Structure formats: structure tokens, C-alpha cells
Amino acid sequence: MEQRKREREIARGYLFGCAAAVLLWTVASAQLRYSISEEVEDGTMVGNIARDLGLDKNTLKDRKYRIVSSNADPLFYVNPNDGVLYVSRKIDREEVCAQSSACVINVKTVLENPLEVHYVEVEVVDINDHEPIFHEKDKKLEISESVLPGARIQLKAALDRDIGQFSVQQYKLSNNDHFRLEVKDKGDDGKIPILVVQKSLDREIAGSHSLILRALDGGKPPKSGDMNILVNVLDINDNAPAFPKHDYSFTLSENIPLGTIVVQVNATDLDDGPNGEIVYSFSNSMNQNILNLFDINSMTGEITVKNLIDYEERDKYEIEIQASDKGLAPLSTEKSVIIKIVDVNDNAPEIEVTSFSNSIPEDSRPGTTVALISINDLDSGLNGKVICSLNKNVPFSLSPSLQDKMFSLVTKSPLDREKQSQYELTITAKDAGQPQLSSEKTISVTVSDVNDNSPEFSLSPYTFYVTEGNNPGASVFSVKASDRDENDNARISYHIIRDGSEDNKFTSFLNINSENGNVLALKSFDFETLKTFQFQVVASDSGTPSLSNNVTVNVFILDQNDNVPVMLYPLSSNGSAQGVEEIPRNVNAGHLVTKVRAYDADIGYNGWLLFSLQEVTDHSLFALDRYTGQIRTLRSFTETDEAEHKLLVLVKDNGNVSLSATATVIVKLVEPKEAFAASDVKSAAKDDEDSNVIFYLMISLGAVSVLFLVSIIVLIAMQCSKSTDYTSKYLPETNYDGTLCHSIQYRSGEKRYMLVGPRMSIGSTIVPGSHANTLVLPDRRRTSEEGKH
């Protein structure tokens, strides 16, 4: 009694455990079953999986609902938007499932985040698309006339690739008086037609009989196939071979060596001579697959192995042996030999990895599913029992699934991409057979980045020097930032801050390549109008949310020799550089005839002007100071000297490619009285003019001095803030003394101008220090040329 109670409690606990397991499996996955006919058109709907599982369209889209298949040409596809399962190509049941009685195709579907697996079974229903076919269209039989009524001649069955009711269901024999038909049902091997003699044969009356055997399947209407049978009646051979054993049954290990003898059958015949000699063969009812595996010695009856035997394909074979004598009308007897196949451990486990994402974010929580692993072993028993493991020292583990031989690859500890961005995981599967077989599969799991690093510029701030006269639209310099993240999180785009502020007023003529940081100038820089400016560049990554950083860019414009010297004096009313000077004949050597004045907008050596005489009427009369432009007499004039002399003065700068201008001075020699009168007029005008010039000169010198001091302070501050010495390359020349005491007056049209600028060292000429260095003076009438200053 106590034992029965204990058994009831054990049974109750077992039932409760099974119920809990089923409930948990239902939560993890669901299984649906649909049915379709073979040969349906592509795109035929199989079933609405989403509706049957109670999933809405948003869930399907957000969780990436799809079919998981290792087949390159799957039979089905699912619409991820509505969850409807469709046929992707025509399905031939006989191709997919061969002669299997039930053709069920398993479709594995998944939802991500969280991972959810649903198994769908699709049954492919057979249609009657094949007709029965006989292996031989014409069959010849030889039957002795002594055969008594009831004799049975087994024929080879017709083959119909369809199954079930659409396979061969019946046979019909054409009407005749001597034969009737019986059908033997052999289960999986089909129905075997047997020709039965129902009336004694008389060779003298009829030497042969022509029959038609028709095989019909179960279709409506049925399909059929015919075989023509010609029966030749032979003379008496009245003893058939007989087997001494009623049953033959043997066991055979799979993968047994070829040529191994399985069994030897032995039959006897009481007849003498050829009618008693026995020949062994396989029965006509034998399946072709069996004939490919086994062979029989027609003389000895030894059955040998012809091809490798595989337990996984079939675990039992029934071989029909036929023993026939050599009589003129051979008699035969059939016997079944049952061969049972014993399994050996000849199949290593197969590992199938269904990776839903080989990339996992570094901030994934422990327990996150990376992939599903299916283990399959074709062996049975202990040979097919599999143990699965993962390599050590990795932050991943294998979690068994409720379904047998299914595992989930999950994270077991936090991940850090900066420490390790990729893992090579080796999955090992071992069976429990002897000898033990195993297999391995390596998968690569990449730890994806999260956007936790801002872009960093290689320098901060940037300082660039750009030579004036650059080509508009060309790149002038570039900035570069890097990001420790990767992919989109490290994909950097650049843009210039354009907030309309005074500090960023020059950004309107700048552009930046958002991909590589190349800065393009949309106009050509002119040192004479712009010396330096700064702006800010922002580098932003493409992560979500995006991170950014900015940097200040200081730009200094470098001067180049792009300005031709401009003649200030002499300057005639028509704009040509030509002047006339009148001097008395009685002047002494060294007398100042005039001073040629010129201006160059460049600075440094590019603006340092030198004067030279290109042409002169008499080289012994005049000399030109190459630095000041002063023309003086070399000797006193004589009565034989001509009254008019022409001097062509060349002014050129000191740039690498020197630029120049010319001026023509006509010197006329007049009598002393005429020269004295002209000198009085000039002196009066000059005195009146100089009183105003001195006033404007004082104002200009004060303004330029303040601007110069501010510039010096800014340069010193910038130099102190930079540790490098590259700015020294662009400081003023060493011969610049910094004083502002150089001024030139000249006339252009109706206006008079005064040019003020820094004085160069000994031997240098006018070099303006900055733009806005020209003052407009009030126009005053005068009767002589511009006074020399």
C-alpha cells in the first residue's frame, strides 16, 4: 500500500514538472501548423502567422520579424509588415520529401528584442501529378504446361511517385480464361501484383498468352500505366526449389566493409538435371535502393554488401530471395531475409549557429542573447547524446533552451569595447559514443561602440599663414579632429560658426569641407586690406546623441609682391608720369633739381624702392640718388650745354620678381632772372601749402603711432602665448626703425593727397605700414608744380 502511494506521488510530481515545462516553452516560443497543396503558384498565401500569434504590425516591424533558414533558396518567405507566410517557389512534394508518407516542412521564425522563436510546420499535401509506370513495358513469362491451377507468378510492381491514395491502389488484368490477378500489400513497399494460374495450360492448344496488366492510382479520375505480358507455355518441370528455413533474420553493423558476406541461403530441388539446378536472384519486387546496397551470388546464394550501409538512412531491410531451377519452364520459390542494422558512432555532432547580430553594443546588460545554436547528431542512443561547451575566459556563456539540443549564446558580464572589441568564440559539441566524436565551430562577435567620446582637435588653437592673392575657391588650410569611437560615432563633420558676431565677421567668405576639414577661401585675400582674422570650427560626430567640440583658428595674411610702384611725382595733369623742371644756368654742382617720388602698397622688401637712370641726355650733368630719388647736378652748366635735357627714371621694388615703373623729367635751363621769378612764385605757394600740410601731418603721425603701438602689443601678446618660434619668420625686417616721419604730397585730378608711413632704415624708400595711410588735403590753387617735401 505504501509503495502504491509513493508511486502516485512520483507520478503526480512528474506530471506537474511536465506541465511547468510546457508552460515555460509556450512563453519562449509557439508552434503553428498550416497545410498547402504541392505545385501551388509562387506567392500563394500559406497562413497569417501574425494573426494566429496575436502580433500587431508595429511589433513585427520593430522586432524585425523574419524567417531563419540555412537554405540558399528557401521554399517560403514571410512579409515582415503583416506577418503573412507565402510560398516563394513551386514545391514538388516528391522532390522535397521523396516517398515519405507525411511531408512536413519546419519553418523557424524569430522576433528580436527580446528574442522570441516560433516554429511553423507546413504540411505539403500530395496531388495526383504522376501516373503509374512499370519498370518493363513488355514482360515475357515462361510457364510450364504442368503448372497446376493456383500457381502464382509475382510481377514487379508499378512505380508511382505520388503517395497515399494517389499512389498505386489497384491492378487490373485484361480478360482471359487462364489467369487471374491477386495483389499483395507490402505496406511501405507498396502493392505487388501476382499472376495466378486459374486454369490448366495446354501448350498444344495455345503456346502463348498475351495479357495487359494495368496499374491504377487513387485519383479522380485515376491515372494508369500498362505493361504487356507475353506468357510462353513450356513443357513439364513440376518441382520448384524449396528453402529449408522458414525465416531468415540477421543483424549487420553499419559501415561494414564492402564485400562482407551477410548470409548464405540454400534451396533444394527434387528434380534431376537442369530442372534441379538452382539459380539465386533477388525478387522482382525488390526496391532499387536495396539492389544498390546488396548483391547475391547466383550459384552459391551468398548475399554480400555492395555499398556502405548507413543506419541513419534505414535501420532494417527485407530482402526477397528467389530460387529458380534451370528447367525449360523454370520454377521459382521466394524467401524473405530480414537484415537489422546496428548503429555505430559514425556521425560527429553538427553545429548550426543562427546569429541574429554578430555585433553587440558595449553597454549591453548581462544575459543579452547574441545567437541561437542548434546541435544535431544523426546517431541514436548514447551515440546521439551531445554535450555543448564554450571556450573559457570570455564574457559569454551557453544557456540551454527548453527544446532539446538548442542553446542560447548570452553575455555573462559587462563588455568594454575599449579593452576588447572582438571575440572569437569556439563552440565545442561532443557526443557520448565510443569512440567519442566532436566538432567545433568558431563565430566572431564584435562589440559595437556607444558614443561616449567627443571629437578632439590635433591642435588648439590653430594658427595658419596664408599668402595673399590665393585662388578663390581653393583650399588654403585644413583642420583635423579625431574620435576614439568608431563607425558613425567616429564619423566627424565640420562646420564654421556663423553667428554674425564681430569676431566671426570674416566667415562669410570662408567655407569648410564637412568631411575632411579643408577650409576654402571664397575670395582672394589682400594683405593691404586685411592682415589677420580668426574664426571657430566645430567638429561633430554622427552618433546619437551627437557630441561635438570646437577650436579657434587664427589666420595671418602674408604679403607678396603684387603691387607695382606708383609714381607720385612727377605726375602731369593727364595722369602720365612726366614733369618739367626749370633751373638757372648759374647753379653750382650738387644743386637739387627735383625729387622723384613713388609709392608701393607692399611692405618689407616687396615695398623697398630703388631709383635708377635709364636714359639721360648728358651723363656728366646729372646724378640720381638710388635710395631717395633726388636728382642733383654733377657740375656747373656751360654755354655749350643744351638748354633742355630729358631724364628717364626707373623705379623698381625688391620683390623676388621685381615690379617697376618709369617717370620722365624734362630739365630746362633758363637765364637767372627767369628762374628767380619762377622761384618766388613757387616759394609763396609752398609756404602757404606747408602751413596746412604740417597740421595734417601731426594728426596723421599721432594716429599712425597709436595704431602701430597697438599692433606691437598684440604681436607681443600672441608671441608670448605660443611656445613655437614660427612667428619670427613674419616679423618686420630688422632695418625697420619704427618711426613715423615720412610724408609725401601729390596731386591727382582736382585733389591733393598727403601720404604718411613708417621710415625705413638708411637707404630705404617709402613703405606704408597699414591701409588708410593717405590723407586728403583741402584743394588750394597754385601756379606751380607740386612742392617737394
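Helices (H or I, at least four residues) and strands (E, at least two) are DSSP runs, numbered from the N terminus. By that rule, the secondary structure of this chain comes to six helices and 50 strands. The model is predicted: local features need pLDDT of at least 70, side-chain atom pairs count only at pLDDT 80 or more, and totals for chains, interfaces and linings use all residues. Residues are numbered from 1 along each chain as its sequence is written, and side-chain values use heavy atoms, with hydrogens and water left out.

**The chain as a whole**

- Buried residues make up 41% of the 789 residues in the chain. Buried means under 20% relative accessible area, exposed means over 50%, and partly exposed lies in between (1.4 Å probe, protein chains only).
- The accessible surface comes to about 42700 Å². Carbon and sulfur atoms account for 50% of that surface. Accessible areas come from the Shrake-Rupley method with a 1.4 Å probe; for residues, only the protein chains shown count as cover.
- Contact means heavy atoms within 4.5 Å. Among contacts between residues at least 6 apart in sequence, 67% join residues at least 24 apart.

**Nonpolar cores**

- A nonpolar core is a set of buried Ala, Val, Leu, Ile, Met, Phe, Trp, Tyr and Cys residues joined through side-chain atoms within 4.5 Å.
- The largest such core has 27 residues, and F533, F535, V537 and V553 touch the most other members.
- Two or more residues of this core come from each of β31 (462-467), β34 (492-496), β35 (510-512), β36 (518-521), β37 (532-541) and β38 (548-558).
- Another core, of 26 residues, lies apart from it; L252, I296, I303 and V305 are among its members.
- Leaving out residues up to four places away in sequence, V553 touches Y462, F464, F477, V479, F533, Q534, F535 and V537.

**Aromatic pairs**

- Rings of Phe, Tyr and Trp (its six-membered ring) pair if their centres lie within 6.5 Å; planes under 30 degrees apart count as stacked, over 60 as edge-to-face and the rest as tilted. The count comes to 15 aromatic pairs.
- Y462 and F464 are stacked, because their ring centres are 5.5 Å apart and their planes are at 10°. Y462 and F464 are buried.
- F622 and F637 form a tilted pair, with 6.2 Å centre to centre and 55° between the planes. F622 lies in strand β44 (residues 622-624) and F637 in the loop between β45 (630-633) and β46 (644-652), so this pair ties together parts that are 15 residues apart in sequence. Both F622 and F637 are buried.
- Ring pairs also link F457, Y462, F464, F477, F509, F525, F533 and F535 into a cluster.

**Salt bridges**

- A salt bridge is a side-chain nitrogen of Lys or Arg within 4 Å of a carboxyl oxygen of Asp or Glu. The structure holds 18 of them.
- E112 forms a salt bridge with R66, and their closest N and O atoms are 2.9 Å apart. E112 sits in the loop between β6 (104-111) and β7 (116-125) and R66 in strand β3 (residues 66-68), so the pair ties together parts that are 46 residues apart in sequence. E112 is buried at 12% relative accessibility, whereas R66 is partly exposed at 27%.
- R214 and D226 meet in a salt bridge (2.7 Å, N to O). R214 belongs to strand β13 (residues 208-217) and D226 to strand β14 (residues 224-234), so the pair ties together parts that are twelve residues apart in sequence. R214 is partly exposed at 36%, and D226 is partly exposed at 29%.

**Single sites and surface**

- N489 is found in the loop between β33 (481-482) and β34. N489 is buried, with a relative accessible area of 11%. Not counting residues up to four places away in sequence, N489 touches D449, V450, N451, D483, D541, G543 and T544.
- K140 is in strand β8 (residues 138-144). K140 counts as exposed, at 65% relative accessibility.
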